[in-house]
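Open the model in your viewer and keep the sequence panel beside it. The stops below say what to select and what is there.

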Amino acid sequence: MANLKEIRSRISSISSTMKITSAMKMVSAAKLKKAQDRMTNIKPYSLGISTMIQNLLPSVNLSDIELVNNFCSENKVLIIPITSNRGLCGGFNANILKAARKYDQSKVEVFAIGKKSIEMFKRNKYNIVSNNTSVIEESSVSACKLISDKIINDFVAGKWSRVEVVYNKFKNTATQIIQTEQLLPIKIENNNISTKDYIFEPNKSTIINDLIPNKIHTHFFEAILNSIASEHGARMTAMHKATDNANELKQTLTLSYNRQRQAAITNEILEIVAGAEALNG
């Protein structure tokens, strides 16, 4: 059994840990609010551009639309796993690797986003063709556009037959949903097609070829924002549980400390009484 000094040291150490986990929870809560606002602000634009493209695609010749076609003769897939740069957020990062395991590793190339993504996929011997960590810290439209432009150019050059992004979609503070979405080629959905007759200048094909890259930039940027919000939500939840567990352990150790201290005091009193009686006898 540990002595009183060791228990006091452990209680002090746990108290320090509680301060850190509590502070991390508060920081994540503040960052989460900002991330949620950014994510909410981009949704109307993302939905609007997607609806416009899906309304136009069925009524044009698809051979004129570049990014709905496959330029690769092989069945090769690029996955873009989005993780965090830091840990201490529960299963947030590990779940991305689990989702990626459904692909045939021999036919997959990885564009890793986030330090944890690079570490995990390198450790599991995936073919990492490129990576980026700064976009997680500085999630601007221009930074995301540089990445998506490179992916579009390589896709058109015939490097991959399909490009998919894997990320945590934000639902609420305690829940993040693993989402796998196809970026390229663009899927055609025949649901809710608008029947309104518009006049297009210069023509539909030119307009769609200009709109689709913007949709891909927006889709990728939205995935980054969702992942950032999910990261802060996951870390907030993890730090809350860590603080509760540390507090419970501290209470257990304090109880043990008080019991041992009381037992030591009782033994000292018994020794004093025994000594006094021996002198009187």
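**Start in the sheet**

Select S1 and S4: these strands run parallel and are joined by 5 bridges. Strands here are DSSP runs (E, at least two residues), helices are DSSP runs too (H or I, at least four residues), and both are numbered from the N terminus. Two strands count as paired if DSSP finds at least two bridges between them. Within this pairing, Leu 78 stands opposite Val 163 in S4.

A note before moving on: this is a predicted model, in which local features need pLDDT of at least 70 and side-chain atom pairs count only at pLDDT 80 or more, while totals for chains, interfaces and linings use all residues. Residues are numbered from 1 along each chain as its sequence is written, and side-chain values use heavy atoms, with hydrogens and water left out.

Now show the whole sheet. It is open, has 5 strands in the order S3-S2-S1-S4-S5, and its pairing is mixed. Strand S3 (127-132) and strand S5 (175-184) are the edges; each has a single partner strand, so one side of each lacks a neighbour in the sheet. From one strand to the next the twist averages 25°.

Select residues 162-172, which form S4; this strand pairs with S5 in the antiparallel sense over 9 bridges. Tyr 167 has Gln 179 of S5 as its bridge partner.

Which residues cover the two faces of S1? Val 77, Ile 79 and Pro 81 lie on one side, Leu 78 and Ile 80 on the other, and all are buried. Buried means under 20% relative accessible area, exposed over 50%, and partly exposed in between (1.4 Å probe, protein chains only). With 5 of its 5 residues buried, S1 is largely enclosed by the rest of the structure.

S1 also pairs with S2, in the parallel sense over 3 bridges. Follow the chain from S1 through helix H2 (residues 94-100) to S2: this β-α-β crossover is right-handed. That is, with the strands pointing away from the viewer, the path from the first strand over the helix to the second runs clockwise.

**Helix H5**

Select residues 141-156. This is H5, which lies across S1, S2, S3, S4 and S5 and runs at about 165° to S2. Contact means heavy atoms within 4.5 Å. Axes are lines fitted to C-alpha atoms, for helices over the stretch in contact, and angles run from 0 to 180 degrees between N-to-C directions.

Colour the buried residues of H5: Cys 144, Ile 147, Ser 148, Ile 151, Ile 152, Asp 154 and Phe 155. Seen down the helix axis, they fall within an arc of 165°, so they line one face of H5. The arc is that of the directions from the helix axis to the C-beta atoms. On the face turned away from the buried side are the exposed residues Ser 142, Leu 146 and Asn 153. Just after H5, Gly 158 takes a positive phi of about 90°.

**Backbone stops in the loops**

Most residues other than glycine have a negative phi, and most peptide bonds are trans.

- Leu 88, in the loop between S1 and H2, has a positive phi near 60° and is exposed at 56% relative accessible area.
- Lys 125, in the loop between helix H3 (115-123) and S3, also has a positive phi near 60° and is exposed at 68%.
- Pro 185 is in the loop between S5 and H6; the peptide bond from Leu 184 to Pro 185 is cis, with omega near -10°.
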